[in-house]
Amino acid sequence: MFEGEPVLILLVEDDPAHAEIVRRNLTDFRVANRIVHVADGQAALDYLFRRNQYADPAASPRPNIILLDLRLPKVDGLEVLRQIKEDDELKRIPIVVLTTSGAESDMVNAYTRGAGSYLVKPVDFDKFTKLMDTFGYYWLAWNKFPE
Amino acid sequence: MTIAGSLGFVISKRSLERSRVQGLESTAELKVQKIDDFFRERRGNLATIQKDATLLQNLPILAQYYGDPANPEYLKARALLDRRLDPISQSYQYNDILLTNPDGKIVYASNKTHFLHHLGRLLPGPGNASFLNAKNSVYLSDIFSNELEPGHFFMLLSGPINDEAGNFQGVLALGLNMDQLYILLKNNTGLGQTGETLLAKRVEDGALFLNPLRYDPDAALRKKALFGGNQVSPIQKAVQGQNGSGISVDYRGVQVLAAWRYIPDLDWGLEAKIDASEAFSAAHTLLKAYLVLSALVLLLGLLAASLTAKSLYNRIAILQKGAESIGSGDLDFRFGAKSQDEMGALSRSLDRMTAKLKSLTASRDELEKKVALASRDELGKEVAGREQAEGALGESEERFRANTVSRDKQDKDLATVTRDELGKEVAGRSLAEDALSESEERFRANTVSRDKQDKDLATASRRELRKEASGRKLAEDALGESEERFRVIFEKATVGKLLTAPDGKLLEVNPAFADMLGYTIEEVQQLNFDTITHPDDITESRECVRSLLANERSDCRVEKRYLHKSGRPIWTDESTTLLRDSQEAPLCFITTVVEISARKLAEEELRETNEELTRFTYTVSHDLKSPLVTIKTFLSYVEQDIKSSDAERVAKDMGFIRNAADKMSLMLDELLALSRVGRRMNPSVETPLSEVVKEALDLVAGQITSRGVKIKVTDEPVILFGDRPRLVEVFQNLVDNAVKFMGDQLEPLIEIGVEDQGTGIKLFVRDNGMGIEPRYQPKLFGLFEKLDPASKGTGIGLSLVRRIVEVHGGKIWLESEGLGKGTTFRFTLAGLKKSPEPPGERGEENERKPLEGGVNNV
């Protein structure tokens, strides 16, 4: 539908089923050709700061956008958010929080720490699908990223 | 031992000799006594017969006809006399009773055998002495033998017979059979196998034995102990009028132990003796007997002493109790001792003294009563204004107290209500506070007016002082009473009260405040207001002081922390006002301090509970929603898959659904378990650690086996106390957790053990698995926290463990040096103790022994 540069998404999600849902919805968009999935906060930071298994930059290309769950093993989403926003290079990457938590405190904390958007996973399938469609159009079709 | 033994023997020999001699002496005395008695009795009998009417009547007839004993007159007289004298003769065992005529010729003999032989003859015995000496007095002849009865010895006891007119009619002679006396002497009781009693009389050249001897039966009247030998024998001493005892040689030349006595009435000597050989041969036997006796005496002595001591102690205790009672004013106490000894006497004299004291006290009380009544009358004329002031003051105090009580109650209630009620309560409390402030204001006003009145009163009394001396006393009393009243309010208050100088120096504090901070009043007054205030609250306190001094407000109320003597903070709710003098210059601060530590603690607990609740609802909303999202989403995918007839995808999507459903179900189970902890508890019981661990291991046996984990359990006999199924869950979860995070360990090992390094008993579950990096450790016990998203489980397990441990009054923490270093969970539990049973083998090595049975060791 839309022509453009392929977009790289870093999906930080501990629930494999949810990761699958996200993948299915977004890969249906022809433009979104790449999703990198990590299952906990520590892995996300390792990827972004190129540590351990992601030390080689070739193994850890910069994502255009980060889809971040808040409830994460080892290091939770808010801490990941804080560390990203403290890094001069990384803080340019837009972060969209995708979580099951609709808690006010989580939203406030997320935005305070620099989240660009806050999405709550709908329980209803159609809504979830629609949310992913909309997300795809907005972030992957319309949104412009720096080179 | 030998020396001691010999010494003991010598001592015992000497004491034995003493006791033997004493025995001999008493034997001698006894025999002398018996001999005396023997003769005294017979003398008495003689006297009786001398005056016998029958005798006196018939003697002349007998004397007349003794030449013709067949004469009827003689026979008649003799028969009458026989009837009279025979019973006497029998009873005294006289050998004969003889009567002579005034010429000394025998006219009557009671002995039928010798009757005819005696008639017309003189009395037997040497030299007719028994007749000649008996004409005027009683005479006792020497011992003599009788040809008629050879081998027997006799004595005659004779006395005159006078008629009523006093004319001499003849002599009465009683024939004493010496056999009787010898029987007395021969009774050798106390004289052993060799002893005997000797009787002798002095003759010119020695002592003539009077009785047959043990070793010389013919000695009587034949054998003599002649004077002039090398030694003076005891019997010789005795016949010479001496008494004594000692070791000597007897008539045989044998060494004897003897006691001797002189018998003055008879001019005889008596000796009781025993062979020395016998006397001392029994020394050892006697010694033994003596020792047994001594021991017995000692024992009895001790018993008696202890009984005496006990009864003495009891009586002393009674006396002491009495003294205390009397000392404390119970003058009705009476010892009532009945015993007759010194203690009894003491008790009685104390009773008398107490009674006296009581009567004195009574009269003193009477006097005091009178004085008191008199002074009360005086006081009745008190100044009316003072009473009025006091009335106002009292009323204000009452209101103040009521408000304080209601505020205290509200504080207490506040601590227990829920958050919602807290809000309501706060509203109510501020109303009460307003009322309280108002009341305090009134109280202050009253205090001021009271001070003024006191001052006036003092002035008035001073004026009166000048006028009259009696008025002065009354006024001073009034002032004192008023001050006393203030002092009581200050001292007895249950809330802290303090007076502080404007510079922060503590002028005065009440006991309640000192208690609150754990000091004595003297200690607190050495301190400054700033030093007893928590550092974090000093600024606020100073601001309070400043605003009061600046007159920006009249009252400053804050919640602040004081520092307890031990250093811990004491939360208080305090209210301070500034007292000024008539020129409005600051005098001092008056502060009322109410401790609200309990309320603060309750608030803290409430806050923690709320946090926990928030965390819970948050995690539940998030983590329970997650699988729901999965299920619903993938159900729709399955529908699409079916439409597109993509069987492979159906299977895959159904897998997601199944996993999510399983996870949800597990979560719900564990949440339920978590909510049960602390809410629904089984009764606490004592259970050995080994049983709890065994049960837990049985529950996770499947995982243990499939992962090939070796389990080692301590055999230290430790007893757990608590909700048994919950305690099993602790070990179950910890072991399950350890198995789950074994990583790629080739020799997986889990150890369950006990540590006690002086800081209390700790249990531990240690594994050699993947370990946990220190930075993740704080998150670990959180609800739904999982370090490994790929691992099975809900993240509730360790939350549950922590909750169970905390509910059981314990703490749990984990130690791990990092990845690949294994993990050790350590925890304490209240009521954890070592079993009193003797442990089989202790020590570190045994902890490493594989557990037997129930668990699959690999």
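## Chain B in outline

In chain B, 57% of the contacts with a separation of 6 or more are between residues 24 or more positions apart, a contact being heavy atoms within 4.5 Å. The secondary structure of chain B amounts to 23 helices and 25 strands, where helices (H or I, at least four residues) and strands (E, at least two) are DSSP runs numbered from the N terminus.

Of its 858 residues, 42% are buried, a word that stands for under 20% relative accessible area, with exposed over 50% and partly exposed in between (1.4 Å probe, protein chains only). Chain B exposes about 46,000 Å², and carbon and sulfur atoms supply 55% of that area, as given by the Shrake-Rupley method with a 1.4 Å probe, with only the protein chains shown counting as cover for residues.

## Basis of the model

This is a predicted model, in which local features need pLDDT of at least 70 and side-chain atom pairs count only at pLDDT 80 or more, while totals for chains, interfaces and linings use all residues. Residues are numbered from 1 along each chain as its sequence is written, chains are lettered from A and ligands numbered from 1 in the order in which they are written, and side-chain values use heavy atoms, with hydrogens and water left out.

## The sheet of chain A

Chain A holds an open sheet of five strands in the order 2-1-3-4-5, with parallel pairing; two strands pair if DSSP finds at least two bridges between them. Strand 2 (34-38) and strand 5 (117-120) of chain A each have a single partner strand, so one side of each edge strand is without a neighbour in the sheet. From one strand to the next the twist averages 20 degrees.

Helix 1 (residues 16-27) of chain A lies across strand 1 (8-12), strand 2, strand 3 (65-68) and strand 4 of chain A, and runs at about 170 degrees to strand 2 of chain A; such angles run from 0 to 180 degrees between N-to-C directions, with axes fitted to C-alpha atoms, for helices over the stretch in contact.

## Strand 4 and its partners

Strand 4 (residues 95-99) of chain A pairs with strand 5 of chain A in the parallel sense over four bridges; A:Val96 stands opposite A:Ser117, and A:Thr99 opposite A:Val120. Three bridges join strand 3 of chain A to strand 4 of chain A, also in parallel, and A:Ile66 has A:Ile95 as its bridge partner.

Five of the five residues of strand 4 of chain A are buried, so this strand is largely enclosed by the rest of the structure. A:Ile95, A:Val97 and A:Thr99 cover one side, and A:Val96 and A:Leu98 are buried on the other.
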